[in-house]
Amino acid sequence: VPKRQRRVQELAVVTSNGKLLIYDSATGSTLRTIDAHNDDINCVAYSFDGSTVATASDDHAVRLWNTDTYACLHTLQHNNFVWAVAFSKLNRSVVASC
């Protein structure tokens, strides 16, 4: 998948059926629908540089997504529901709350 030449301002929305929805915030049009998790998604966060999106879910996983391709970069498995996720300011760490 080629990289996008010009990044639109995106809005990430998560659903109770495991979908990650990406919208163009200027037009409201849907850019992508990703089957991200197998259960409710509780939280979504963009990295400070905008290169990665993290999702936290009731399926006991945190997933990291490349914002150019929306390919899953990593899946971090936990032993309980994951309620929240956040990036450090330098994008060196991801914090999850179970």
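How far apart are the mean positions of the positive and negative charges of the chain? They are 10 Å apart, for 9 positive and 9 negative charges, where Lys and Arg count as positive and Asp and Glu as negative, His and the chain ends not being counted, and where the place of a charge is NZ of Lys, CZ of Arg, CG of Asp or CD of Glu.

1. Basis of the note. This is a predicted model, in which local features need pLDDT of at least 70 and side-chain atom pairs count only at pLDDT 80 or more, while totals for chains, interfaces and linings use all residues. Residues are numbered from 1 along each chain as its sequence is written, and side-chain values use heavy atoms, with hydrogens and water left out.

2. Fold. The chain contains nine strands and zero helices, strands being DSSP runs of E with at least two residues and helices runs of H or I with at least four, numbered from the N terminus. The radius of gyration of the chain, taken over C-alpha atoms, is 13 Å, which agrees with the value near 13 Å for a compact globule of 98 residues under the rule of 2.2 Å times the number of residues to the power 0.38.

3. Burial. Of the 98 residues, 36% count as buried, a term that means under 20% relative accessible area, with exposed being over 50% and partly exposed in between (1.4 Å probe, protein chains only).

4. Salt bridges. The count is two, a salt bridge being a side-chain nitrogen of Lys or Arg within 4 Å of a carboxyl oxygen of Asp or Glu. In one of them, the closest N and O atoms of lysine 19 and aspartate 35 are 2.5 Å apart; this pair links distant parts of the chain, since lysine 19 lies in strand 2 (residues 19-24) and aspartate 35 in strand 3 (residues 30-35), 16 residues apart. Lysine 19 is partly exposed because its relative accessibility is 26%, whereas aspartate 35, at 60%, is exposed. Aspartate 59 forms a salt bridge with arginine 63, with closest N and O atoms 3.6 Å apart, and both of these residues are buried.

5. Backbone points to check. Histidine 60, which is not a glycine, has a positive phi of about 75 degrees; histidine 60 sits in the loop between strand 5 (52-57) and strand 6 (61-66) and is partly exposed at 26% relative accessibility. Tyrosine 70 also has a positive phi, near 60 degrees, and is found in the loop between strand 6 and strand 7 (72-77), where tyrosine 70 counts as buried because its relative accessibility is 5%.
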